[in-house]
Amino acid sequence: MSRMKDTILTALAPAVWGSTYLVTTQSLPADVPLTLAVLRALPAGLLLLVVTRNLPSQVWIGRVFLLGAFNFAIFWSLLFIAAYRLPGGVAATLGATQTLMVLGLSRPLLGTGIRPASVFAAFAGIGGVALLVLNPQATLDPVGIAAGLGGAASMALGTVLSRKWQPPVPALTFTAWQLTAGGLLLLPVALVFEPTLPPLTPTNLAGLVWLGLIGAAVTYWLWFRGVARIEPGAVSMLGLMSPLTAVLLGWLWLDQSLTLQQSIGAAILLASVWLGQIANLPQRFTNRKVTL
């Protein structure tokens with residue numbers, strides 16, 4: 001029961017992240033994605049620091065900034081490049097490859113074995129995402145593809161290292177450190193490469209509050225909590241809930257169509273997420289379950 005609870009709570013994070021596209025396009029200014037990323041990460045991180053009142057020790061500062069770079073600064077920067085240069089479906093499909101990358105990185109960094117069922121679930125998940133969001137007429141841009149794969153690799157490495165480096169503090173404190181570090185790393189990049197943020201409307205502010213308070217502070221706390229408790233391969237499969245939520249919100253909120261192909265893709269995606277949880281159970285638990 002405890003594992004099921006952890007899995008459901010962790011899955012809530014990418015499910016909420018699926019609302020990012022809707023909130024961004026409907027509520028936030030255009031053409032300043034990195035500035036918006038800073039406003040999403042840094043205030044949330046600082047707020048959590050005020051709540052937790054715990055700063056990283058000298059030993060942890062380097063690791064925290066490295067994790068902040070992989071999980072936020074590098075990941076979000078490459079994600080925006082991919083989004084600008086590729087159709088959304090292509091970018092989402094490339095992002096789904098992080099499930100395979102987590103499996104590959106977990107072996108040398110965590111000593112975790114690679115199980116065939118885990119690999120099958122990851123490939124099935126990528127296929128489900130492709131059916132869900134990919135347009136057959138989508139054009140491919142080499143820079144965009146490189147950015148998409150680089151973003152997936154950054155997220156995968158950040159997930160695995162967040163499991164490997166577990167400081168002796170609660171998950172909420174660890175989240176505060178990483179969000180603050182990621183926001184601080186993004187800040188100079190946004191100031192140099194993007195125009196000044198236009199005056200914010202009440203709708204803009206509401207969108208930023210949602211993305212910062214819920215879409216960053218709460219969800220990343222749930223995510224890093226799950227990373228500490230659930231096997232990385234299982235956690236990475238839960239990330240596939242994000243494109244599913246995005247499509248469902250587009251269907252419900254923006255009156256977008258939902259085709260038979262997308263329905264099949266959604267079913268395959270959900271089945272792959274379920275299989276990914278079973279395939280990545282700890283070995284001793286799996287053996288005991290089979291014996292019974």
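## Close-up views of a predicted model

View 1. Arginine 229 counts as partly exposed because its relative accessibility is 47%. Buried means under 20% relative accessible area, exposed over 50%, and partly exposed in between (1.4 Å probe, protein chains only). The model is predicted: local features need pLDDT of at least 70, side-chain atom pairs count only at pLDDT 80 or more, and totals for chains, interfaces and linings use all residues. Residues are numbered from 1 along each chain as its sequence is written, and side-chain values use heavy atoms, with hydrogens and water left out. Aspartate 6 is buried because its relative accessible area is 6%. A salt bridge joins arginine 229 to aspartate 6, with the closest N and O atoms 3.5 Å apart. Arginine 229 sits in helix α10 and aspartate 6 in helix α1, so the pair ties together parts 223 residues apart in sequence. Here a salt bridge is a side-chain nitrogen of Lys or Arg within 4 Å of a carboxyl oxygen of Asp or Glu. Helices are DSSP runs (H or I, at least four residues), as are strands (E, at least two), numbered from the N terminus. Asp6, Arg225 and Arg229 are linked in a network of salt bridges.

**View 2. Glutamate 231 and arginine 3.** The count for the model comes to four salt bridges. One of them joins glutamate 231 to arginine 3, with the closest N and O atoms 2.8 Å apart. Glutamate 231 lies in the loop between α10 (202–229) and α11 (232–238), and arginine 3 in helix α1 (residues 2–17), so the pair ties together parts 228 residues apart in sequence. Glutamate 231 is buried because its relative accessibility is 17%. Arginine 3 has a relative accessible area of 23%, so arginine 3 is partly exposed.

**View 3. Aspartate 141 and arginine 85.** The side chains of aspartate 141 and arginine 85 meet in a salt bridge, 2.8 Å from N to O. The pair links distant parts of the chain, 56 residues apart: aspartate 141 is in the loop between α7 (116–133) and α8 (142–164), and arginine 85 is in helix α4. Aspartate 141 counts as buried at 18% relative accessibility. Arginine 85 is partly exposed at 41%.

View 4. Helix α4 (residues 58–85) has 28 residues. From first C-alpha to last, α4 reaches 39 Å, close to the 40 Å expected at 1.5 Å a residue. The expected span is 1.5 Å times one less than the number of residues. At alanine 69, α4 bends by about 45 degrees. The bend at a residue is the angle between axes fitted to the seven residues ending there and the seven starting there.

**View 5. The kink in helix α10.** Helix α10 has 28 residues too. Its first and last C-alpha atoms are 38 Å apart, close to the 40 Å expected at 1.5 Å a residue. A kink of about 30 degrees is centred on threonine 219.

**View 6. Tryptophan 17 and tyrosine 220 among the aromatic pairs.** The model holds nine aromatic pairs. In one, the rings of tryptophan 17 and tyrosine 220 have centres 4.7 Å apart and planes at 35 degrees, so the pair is tilted. Tryptophan 17 lies in helix α1 and tyrosine 220 in helix α10, so the pair ties together parts 203 residues apart in sequence. Rings of Phe, Tyr and Trp (its six-membered ring) pair if their centres lie within 6.5 Å; planes under 30 degrees apart count as stacked, over 60 as edge-to-face and the rest as tilted. Tryptophan 17 is buried, with a relative accessible area of 12%. Tyrosine 220 is buried at 5% relative accessibility. Ring pairs link Trp17, Trp60, Phe72, Trp76, Phe174, Tyr220, Trp223 and Phe224 into a cluster.

**View 7. A nonpolar surface patch and leucine 191.** Leu187, Val189, Leu191, Val192 and Phe193 form a nonpolar patch on the surface. Together they have about 510 Å² of accessible area. Areas come from the Shrake-Rupley method with a 1.4 Å probe; for residues, only the protein chains shown count as cover. Patch residues have over 30% relative accessible area and no salt bridge: like charges are joined within 9 Å, nonpolar side chains (Val, Leu, Ile, Met, Phe, Trp, Tyr) within 5 Å. Leucine 191 lies in helix α9 (residues 171–193). Leucine 191 is exposed at 63% relative accessibility. Proline 188 is also in helix α9. Proline 188 is partly exposed, with a relative accessible area of 45%.

**View 8. Proline 232 in helix α11.** Proline 232 lies in helix α11. Proline 232 is buried at 6% relative accessibility.
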